[in-house]
Amino acid sequence: MYSLNPGFRGPAIQRGLSPLELLLTKVNAGAGGALLASGLIQPPPVWTFGAVAAVAGVLNLAPGPRSLARWAAVGARYWRERRTTPRLSTTAGETRTWTLYPLHGTMQDPVLRAGFHETFGRALTYVGNQSRSAGIQVHVTHHATVSDVTLHTQTISVHIPKGVISRPERVLNTIEREFTRLGALTEITPEPVPSVTDRASEWAALEDGRYAATARITGWPHTNNGNLMPDLLLEQNMDQAQKERRRDRSLSVLYRPLPLAQARRSAKWRKAAAEAFTTDNVKKDEHQETSGTTHDALVHGATLVDIDAYLTVWGDSPEDVTDARWAAQLDADEHRLRLNWLIGQQHRAHVMTTPHGAATRNGAIL
């Protein structure tokens, strides 16, 4: 939890795509396959290739990080969910939330930290193997409230969507026993999600008077020696100038463990894609080393875990949020984190750093 890579894990295929985006992907692939098959039987007119190329360009041309089709999907979500933010946290299913406080010094001690991550990874592996398709979510949040003394709150939520398994309470009770080994665990009922009273492209104003801006963490270091969370949230190892620019922050990591069969298929296709489309020899060797590590982990019973991580900064005004974003960006650069501030989606992105984020549908937050 203090590290964004506590054990072996890797991304799932098509992480976070909505049903519309999945449909566009299948239509694009199906049209290309049909054209290829028809070309083998009888050569089509030349203009057909131009038409298919034009459609592929509309679907896949990327002005920035997203294709035009993905931009359209984002716009549709923005319009549909602009007035329905609370629905993001009310997905049907079973959800249980706990506060967790590990033993003091756990993340600073290499031995204790390794044991902590091993136990947490074992719980994720158990969760992933309880269903035939990925759907169970483990959502971990960290909240740092800065005052004379920095208050740090940690929660773990487990959400099992309706219909994924027949007896969700059995899984929840088993997971609770696993988490009890991590530290002081107390079951809680989270407070309601605060309503959004005003919106802008870079912040959201909440009914309690605070302003929030959320970024998705799109890249993180392989190792951090246990100092990421103390520096990022707890103000340790900071000089006075750094402490003066600090604001309240929230960090969350959403884990979606894959079932073993799905993890093996994902690893197989990732390896095949890397071998087929990588021309850089250094990258090819890197992919080969990674696939070897993945294979060994799967042989020993591990599973792949789809990870989404988010960072929210809080302030009393839009100017405070802007300053807090700048300070968070500097800290992220120092720790080699890559942040995507989710421009235009702040009206719902802040939900992901509350305990309610565990009930968010896959792909609801981009």
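**Exercise 1.** Which residues are linked with Arg216 in a network of salt bridges?

*Solution.* The structure is a predicted model, in which local features need pLDDT of at least 70 and side-chain atom pairs count only at pLDDT 80 or more, while totals for chains, interfaces and linings use all residues. Residues are numbered from 1 along each chain as its sequence is written, and side-chain values use heavy atoms, with hydrogens and water left out.

Step 1. Start from the term: a salt bridge is a side-chain nitrogen of Lys or Arg within 4 Å of a carboxyl oxygen of Asp or Glu.

Step 2. Arg216 forms a salt bridge with Asp308, and the closest N and O atoms of this pair are 2.5 Å apart. The pair links distant parts of the chain, with Arg216 in strand β7 (residues 211–219) and Asp308 in strand β9 (residues 305–315), 92 residues apart. Strands (E, at least two residues) and helices (H or I, at least four) are DSSP runs numbered from the N terminus.

Step 3. Arg256 forms a salt bridge with Asp306, where the closest N and O atoms are 3.7 Å apart. This pair also links distant parts of the chain, since Arg256 lies in strand β8 (residues 249–257) and Asp306 in strand β9, 50 residues apart.

Step 4. Together, Arg216, Arg256, Asp306 and Asp308 are linked in a network of salt bridges.

**Exercise 2.** Decide whether Arg216, Asp308, Arg256 and Asp306 are buried or exposed.

*Solution.* Buried means under 20% relative accessible area, exposed over 50%, and partly exposed in between (1.4 Å probe, protein chains only). Arg216 is buried because its relative accessible area is 12%, and Asp308 counts as buried because its relative accessibility is 3%. Arg256 has a relative accessible area of 7%, so Arg256 is buried, and Asp306, with 3%, is therefore buried as well.

**Exercise 3.** Describe the salt bridge between Arg167 and Glu169, and the exposure of Glu169.

*Solution.* The side chains of Arg167 and Glu169 meet in a salt bridge at 3.7 Å, N to O. Glu169 has a relative accessible area of 39%, so Glu169 is partly exposed. A search of the whole structure finds 10 salt bridges.

**Exercise 4.** Compare the span of helix α10 with the expected value, and list its buried residues.

*Solution.* Helix α10 (residues 318–334) has 17 residues and reaches 25 Å from its first C-alpha to its last. This is close to the expected 24 Å, where the expected span is 1.5 Å times one less than the number of residues. The buried residues of α10 are Val321, Ala324, Arg325, Ala327, Ala328, Asp331 and Ala332. Just after α10, Arg336 takes a positive phi of about 60°.
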